[in-house]
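This briefing is for a reader new to the structure shown below.

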Amino acid sequence: MNRFFVAEPLNINQHLILPNQVHHHWCKVLRAKVGDTAILFNGQGGEYTATLIDMNQKSATVRLDTHNPTNRTPPYAVTLGQVMSRGERMDYAIQKATEMGVRHIQLLTSDYCQEHLKYERDKKKLIHWQNIAIAACEQCGLNIVPSILPPIDLASWLSTHQSALKLMMAVSDGKFTPTRLPDDITLLVGPEGGLSSKEIELAIFHGFHAWTIGERVLRTETAPVVALSALQTLHDITQ
């Protein structure tokens with residue numbers, strides 16, 4: 001069944017005029033007909049079955065029939081600190097991290113970061129990344145949309161961020177492996193050039209564990225997907 005994100009309050013038996021984007025996609029692109037059903041969610045929890053009851057060229061109205069409280073999120077909350085990269089790499093990292101159930105994505109700058117945003121100047125890019133997360137939720141069945149947080153520098157984030165388990169994707173001589181996972185986890189992924197030695201030392205000082213998965217050096221857009229998948233596997237086998 002088609003799934004659509006709607007950024008407004010939803011309630012059972014409510015009649016709702018679909019937002020223009022949803023109307024265009026469902027009714028025009030997918031050629032929905034009166035009587036067809038879809039799933040609507042607003043990121044506040046759960047999802048609603050909606051029946052299309054009226055439609056014309058300019059608008060469409062649905063009735064919300066049932067509510068399912070399922071969110072399909074992992075039982076632990078992961079904040080991904082992702083140093084920004086350019087082009088499609090960042091799009092991919094956000095899309096796949098969302099599919100793996102990340103709760104928040106904090107955009108970061110670092111010594112080797114090649115992308116530097118100023119929030120007021122680059123709101124469009126932040127909106128673009130948030131929309132990628134929304135589209136990923138529509139596709140994969142998640143009902144809680146991760147927040148894409150405006151960029152800050154890595155050092156400031158390290159000094160203020162608190163979490164029960166802090167993991168940094170970095171090559172290390174140690175073989176640290178998380179065991180039983182806490183409810184709150186932070187994952188740090190560096191840029192295309194990696195984190196500098198100074199940044200790695202600073203992260204360790206603030207309680208991060210250097211985590212190396214396998215023997216290969218992963219790309220910045222691949223690392224969060226592998227790490228989040230590994231966390232899901234660790235959770236499954238320790239329950």
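How many nonpolar, polar and charged residues are in the lining of the largest cavity? There are 3 nonpolar, 3 polar and 1 charged. The model is a predicted one, and the points below are grouped by topic.

**Cavity**

- The structure has 1 cavity of 30 Å³ or more.
- The space inside the largest cavity comes to about 30 Å³.
- Its lining consists of Thr 73, Thr 98, Gly 101, Val 102, Arg 103, Leu 142 and Ile 144.
- Thr 98 belongs to this lining and is also one of the H2 residues that make the contact with H3.

**Helices H2 and H3**

- Helix H2 spans residues 88-99 and helix H3 spans residues 123-140.
- The axes of H2 and H3 come within 8 Å and cross at roughly 40°.
- H2 is therefore oblique to H3, since angles from 65 to 115 degrees count as roughly perpendicular and those under 35 as roughly parallel.
- The crossing of the two helices, H2 and H3, is right-handed.
- On the H2 side, the contact is made by Met 90, Asp 91, Ile 94, Gln 95, Thr 98 and Glu 99.
- On the H3 side, it is made by His 128, Trp 129, Ile 132, Ala 133, Ala 136, Cys 137, Gln 139 and Cys 140.
- Sorted by class, the residues in the contact of H2 with H3 are 8 nonpolar, 4 polar and 2 charged.

**Largest pocket**

- The volume of the largest pocket is about 400 Å³.
- Its lining is formed by 21 residues.
- Nearest the centre of the largest pocket lie Met 169, Ala 170, Gly 194, Val 217 and Leu 218.
- The lining of the largest pocket divides by class into 11 nonpolar, 5 polar and 5 charged residues.

**Second largest pocket**

- The second largest pocket holds about 260 Å³ of space.
- Residues lining the second largest pocket include Phe 4, Phe 5, Val 6, Ala 7, Pro 19, Gln 21, Val 22 and His 25.
- Also in that lining are Asn 131, Ile 134, Ala 135 and Glu 138.
- Strand E1 (3-5), helix H1 (20-29) and H3 are the elements that give two or more residues to the lining of this pocket.
- H3 provides the largest share, 4 residues.
- By class, the lining of the second largest pocket has 8 nonpolar residues, 3 polar and 1 charged.

Notes. Residues numbered from 1 in each chain as written. Predicted model: local features only at pLDDT ≥ 70, side-chain atom pairs only at ≥ 80, totals over all residues. Heavy atoms only, no water. Axes fitted to C-alpha atoms, helices over the stretch in contact; angles between N-to-C directions. Parallel < 35°, antiparallel > 145°, perpendicular 65-115°, else oblique. Left-handed = near helix turned anticlockwise from the far one by under 90°. Contact = heavy atoms within 4.5 Å. Nonpolar A, V, L, I, M, F, W, Y, C, P; charged D, E, K, R; others polar. 1 Å grid on protein atoms, 1.4 Å probe; cavity = no way out; pocket = protein on both sides within 12 Å on 5 of 7 lines; lining within 4 Å. Points joined across faces, edges and corners; volume = space filled by probe spheres on them.
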